[in-house]
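Reader: I am new to this structure, and I would like to know what stands behind the words used to describe it. Could you take me through them with care?

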Amino acid sequence: MSEMKIGILLLSALVVALVFGFNFYQEWRFRKKTSQAFARHHADVLLDVPKNNVRDGQQARLEPVLLDDDEDSAPAYLNDIPPPAPVVRAAPPEPVAPVVPETPELDAADHQALVVSLLDPSLDFIAEIAFAQPQALGQLPRFNVAKRVQAILRTERGLWKPAEILPGTRYKQVNFGLQLVDRGGAVTEQELASFCQQVSHYAEKLGAQVSFPQRQQKLVSARELDRFCVDVDVLIGINIVATSPIAGARLRSVAEAAGLQLEPDGQFHYLADSGNTLFSLASADQTPFTLHTLLDKQFPALTLMFDVPRVAGGVAVFDRAVQFAKHLSQEFGAQLVDDNRRVLSDQGLAQIRDQLIRIYGNMDDRGIAPGSVAALRLFA
């Protein structure tokens with residue numbers, strides 16, 4: 001190869017390297033700018049909240065509002081038919097039942113904590129099956145009911161275990177709990193009767209004794225609890241409408257610089273350390289965000305979503321969500337509007353915040369704190 005050809009090749013390689021380096025520098029400058037614009041200069045109360053979860057179905061509405069929320073992953077149920085899926089803006093749905101890790105042995109205090117966390121008489125209709133003699137069990141039954149069913153088992157030594165049969169272990173009691181209320185509403189008399197019939201059939205096959213709570217009393221309690229849940233089950237949506245479409249690549253850069261990350265449901269999520277969503281950002285037309293759509297599509301409007309009962313420390317989280325919404329409006333030359341395209345002023349946002357304070361106060365008065373185990377189950 002002649003010296004001229006070698007020189008041309010070297011020169012071409014140098015040009016390619018310079019172009020690559022310049023693009024990298026431009027991207028680095030842009031990311032640095034957006035990071036500084038939304039930097040945190042104080043302890044982030046949003047990342048220090050307890051684990052939280054969600055509730056689905058018909059929801060009360062604040063201005064502004066969304067239709068419903070999404071859920072995370074599918075929980076394991078003892079049902080043939082899982083709870084009815086909620087109407088959501090984006091799939092897949094996000095699960096809710098609290099998961100108690102399996103432990104080989106628990107002391108007396110932990111036994112009680114396990115029982116309360118998995119089966120709560122204020123939330124569940126609990127059927128107790130007691131065996132005359134401890135016995136090994138095969139598979140647990142799967143119940144054909146629409147509500148969540150959870151089981152706990154008591155070993156021959158008196159230790160409570162989560163609903164998983166261990167080889168070589170003998171059990172003297174099994175408790176099945178049918179959740180009385182979820183976002184699909186309160187359990188019906190027909191559903192409760194069907195559950196009792198299926199439990200009785202299982203106990204009869206094993207020659208065991210079964211006892212149930214007073215059915216009508218539980219139905220009354222379920223309806224009253226459901227009315228409370230409807231009053232506090234609110235999903236707030238703040239729409240960010242730009243004067244010109246927002247480029248997906250730029251949106252991704254701004255969202256990630258602000259601490260959000262793209263999740264499989266096609267939305268950007270702001271997460272607590274626990275991994276639970278504090279608020280999320282979606283396309284207003286419900287187009288899922290993907291690496292492909294963010295690369296070559298533009299979005300005329302965005303929606304920031306905040307699920308009220310699922311978030312512990314909710315008012316502080318709402319303040320952060322509003323701060324981020326305002327940052328997006330400045331970054332993209334957009335307006336904040338409600339679902340009726342009415343402009344959201346600072347006064348309007350303050351009124352929503354005041355309503356949130358009242359809602360959270362009602363939840364605390366009821367003994368169901370936002371983000372608590374009970375809230376995670378009810379608003380799922």
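Author: Let me begin with pairing: two strands pair if DSSP finds at least two bridges between them. Helices (H or I, at least four residues) and strands (E, at least two) are themselves DSSP runs, numbered from the N terminus. The model is a predicted one, in which local features need pLDDT of at least 70 and side-chain atom pairs count only at pLDDT 80 or more, while totals for chains, interfaces and linings use all residues. Residues are numbered from 1 along each chain as its sequence is written, and side-chain values use heavy atoms, with hydrogens and water left out.

Reader: What makes β8 and β13 a pair?

Author: Strand β8 (residues 235-247) and β13 are joined in the antiparallel sense by four bridges, and since the definition asks for at least two, they count as paired. One place to look is N239, whose bridge partner in β13 is V337.

Reader: Why are β9 and β13 called edge strands?

Author: The open sheet has six strands in the order β9-β10-β11-β12-β8-β13, with antiparallel pairing. Its edge strands are β9 (261-262) and β13 (334-337), and each of them pairs on one side only. Helix α5 (residues 248-257) packs on this sheet, touching β8, β10 (268-271), β11 (277-283) and β12 (298-307), and its direction makes about 135° with that of β8. Here contact means heavy atoms within 4.5 Å, and axes are lines fitted to C-alpha atoms, for helices over the stretch in contact, with angles running from 0 to 180 degrees between N-to-C directions.

Reader: How do you know that β12 is largely enclosed by the rest of the structure?

Author: The word buried means under 20% relative accessible area, with exposed over 50% and partly exposed in between (1.4 Å probe, protein chains only). Eight of the 10 residues of β12 are buried, so the strand is largely enclosed by the rest of the structure. β12 pairs with β8 in the antiparallel sense over nine bridges, where A247 has Q298 as its bridge partner. Four bridges also join β12 to β11, and these two run antiparallel, with S280 standing opposite M305.

Reader: Why is A321 counted as buried?

Author: A321, which is found in helix α7 (residues 314-332), has a relative accessibility of 2% and therefore counts as buried. Leaving aside its neighbours within four places in sequence, A321 is in contact with F279 and L304. A321 and L304 are 17 residues apart in sequence and 7.6 Å apart in space, C-alpha to C-alpha.

Reader: Is Q286 buried, partly exposed or exposed, and what makes it so?

Author: Q286 has a relative accessible area of 42%, which means that it is partly exposed. Q286 lies in the loop between β11 and α6 (291-296), and its phi is positive, about 70°, although it is not a glycine. Most residues other than glycine have a negative phi.

Reader: Why does R341 count as partly exposed?

Author: R341 counts as partly exposed because its relative accessibility is 48%. The place of R341 is in the loop between β13 and α8 (346-366), and R341 too is not a glycine but has a positive phi, of about 65°.

Reader: Why is α3 called oblique to α4?

Author: The axes of helix α3 (residues 189-205) and helix α4 (residues 215-232) come within 11 Å and cross at roughly 135°. That makes α3 oblique to α4, because angles under 35 degrees count as roughly parallel, over 145 as roughly antiparallel, 65 to 115 as roughly perpendicular and the rest as oblique. Where the two helices meet, E189, L192, A193 and C196 in α3 touch R215, Q216 and L219 in α4.

Reader: What makes β3 and β7 the edge strands of the other sheet?

Author: Five strands form an open sheet in the order β3-β2-β4-β1-β7, with antiparallel pairing. β3 (160-162) and β7 are its edge strands, as each pairs on one side only. Strand β2 (residues 149-155) is joined to β3 by three bridges, the two running antiparallel, and R154 stands opposite W160 in β3. Helix α3 packs on this sheet, touching β1, β2, β4 and β7, and its direction makes about 5° with that of β1.
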